[in-house]
Amino acid sequence: MRKEVVLITGANGEIGHGLISYLSEIDKTHILALDVMPIDEELRPKCERFIQGDILDNMLLGRLVAEYEIRAIYHLASILSTKAEYNPETAHKVNVEGTLNLLRLAVEQAGWQGKPVKFLYPSSIAAYGLPSLLIKNEAGKVKEEEWCNPTTMYGCNKLYCEHLGRYYTKHYRQLAAEGTPSGIDFRAIRFPGLISAITTPTGGTSDYGPEMLHHAAMGIPYKCFVRPDTRLPFMAMPDAIKSLLMLENAPRKALTKLVYNVTSFNPSAQEFFEIVIKAFPEARITFEPDIARQGIVDSWPADVNDEAAKNDWGWKPDYGEEKAFKDYLIPAVRARYA
Ligand code: AKB
């Protein structure tokens with residue numbers, strides 16, 4: 001008999017760390033973890049199996065279909081916004097073709113199992129693209145359907161993969177005589193900038209927030225690459241994990257959308273700096289905006305509307321701004337670099 005597992009791609013990344021710990025310890029789920037990089041030693045015992053491999057390797061994915069009963073897929077692997085701009089074609093390959101491969105795997109699994117496979121997809125505020133700073137400042141809390149004109153390869157990839165998820169869930173092979181549904185139950189969350197105390201992000205453009213905090217705690221000077229007035233929505237990592245788990249567990253009938261905004265707080269870079277400097281008065285942080293990266297951040301909303309997530313599946317963050325820094329981020333990064 002094949003073992004029931006949850007497949008997590010990009011398992012060694014920022015979200016993967018928290019998700020694996022939660023699912024293995026609290027939920028006692030068997031985890032099949034996949035990442036192109038070796039997984040951190042502390043995560044290994046929490047996984048049923050770790051495979052170092054590529055989501056573009058269809059032979060590898062085929063073997064997984066044959067060996068396991070995959071209940072749900074958390075497809076976390078992707079190349080983030082800044083890194084993607086340096087090699088857009090590679091980013092497209094990993095972010096889009098990789099997602100397509102996982103969707104195909106989910107179709108095969110659902111067919112074998114004769115029941116839907118949940119496909120959890122972390123999308124991003126990068127799916128938005130506001131045309132000017134003036135419009136960004138006037139847009140208020142942006143809804144899921146508004147301003148979907150991303151300016152980055154990563155944002156285009158995220159938006160398109162949301163559409164792929166919709167296609168596979170609702171319109172798959174619509175002209176086939178038998179009209180077989182794909183069996184995929186696609187659910188996506190558009191995350192704001194995420195801040196973890198355990199890991200630092202690599203290759204993103206909302207990274208100035210977490211980088212400011214981690215550099216201050218390590219006692220390393222930091223040049224913030226955006227202007228002090230720059231504003232983005234952010235969320236503490238435990239809330240990101242919580243939102244994914246809540247969405248996985250929500251009854252399908254309660255969901256009015258396939259893609260949901262979630263958010264928690266939205267400080268300006270100056271406000272972020274003030275919180276960090278209060279906790280680490282010795283920190284050496286300067287503002288040295290990089291015009292190109294600033295342009296990307298200026299195209300992302302200052303805030304998002306997450307009413308649909310609140311109404312449909314009871315979303316509510318545990319960590320508002322004060323609690324996120326006071327009870328989670330500052331004590332945890334202090335302990336980490338002590
Ligand atoms: C990035 O900056 O690329 C990511 C994101 C906002 O999705 N953190």
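1. A polar contact is a pair of N or O atoms within 3.5 Å. The model discussed here is predicted. In it, an oxygen atom of the ligand is 2.6 Å from a polar backbone atom of T205, so this pair falls within the 3.5 Å cut-off.

2. From S81, a polar side-chain atom lies 2.5 Å from an oxygen atom of the ligand. From S206, a polar side-chain atom lies 2.9 Å from a nitrogen atom of the ligand. On its own the ligand has 250 Å² of accessible area, and the protein covers 91% of that.

3. Which residues surround the ligand? They are L80, S81, S124, I125, Y154, G204, T205, S206 and W300. By type, this shell has 4 nonpolar residues, 5 polar ones and no charged ones.

4. The ligand takes up the space of the largest pocket. The volume of this pocket is about 1200 Å³. Its lining is made of 47 residues, and those closest to the centre of the pocket are G13, E14, S78, L80 and T202. L80 also belongs to the residues around the ligand.

5. Several elements give two or more residues to the lining of the largest pocket. The helices are α1 (14-25), α3 (81-86) and α6 (153-171); the strands are β2 (31-35), β5 (117-124) and β8 (193-195). The largest share, 4 residues, comes from α1.

6. How do the residues of the pocket lining divide by type? There are 21 nonpolar, 18 polar and 8 charged residues in the lining. The shell around the ligand, in contrast, has no charged residues.

Conventions: Residues are numbered from 1 along each chain as its sequence is written. This is a predicted model: local features need pLDDT of at least 70, side-chain atom pairs count only at pLDDT 80 or more; totals for chains, interfaces and linings use all residues. Side-chain values use heavy atoms; hydrogens and water are left out. A residue is near a molecule or strand if one of its heavy atoms lies within 4 Å of it. A polar contact is a pair of N or O atoms within 3.5 Å; within protein, one must be able to donate a hydrogen and the other to accept it, and residues adjacent in sequence count only if both atoms are side-chain atoms. Accessible areas come from the Shrake-Rupley method with a 1.4 Å probe; for residues, only the protein chains shown count as cover. On a 1 Å grid over the protein atoms alone, a cavity is a set of points where a 1.4 Å probe fits but cannot get out, and a pocket is an open set with protein on both sides within 12 Å along at least five of seven lines; lining residues have an atom within 4 Å of a point. A molecule sits in a cavity or pocket if more than half of its atoms lie within 2 Å of its grid points. Ala, Val, Leu, Ile, Met, Phe, Trp, Tyr, Cys and Pro count as nonpolar, Asp, Glu, Lys and Arg as charged, and the others, Gly among them, as polar. Grid points are joined across faces, edges and corners, and a volume is the space filled by probe spheres set on the points.
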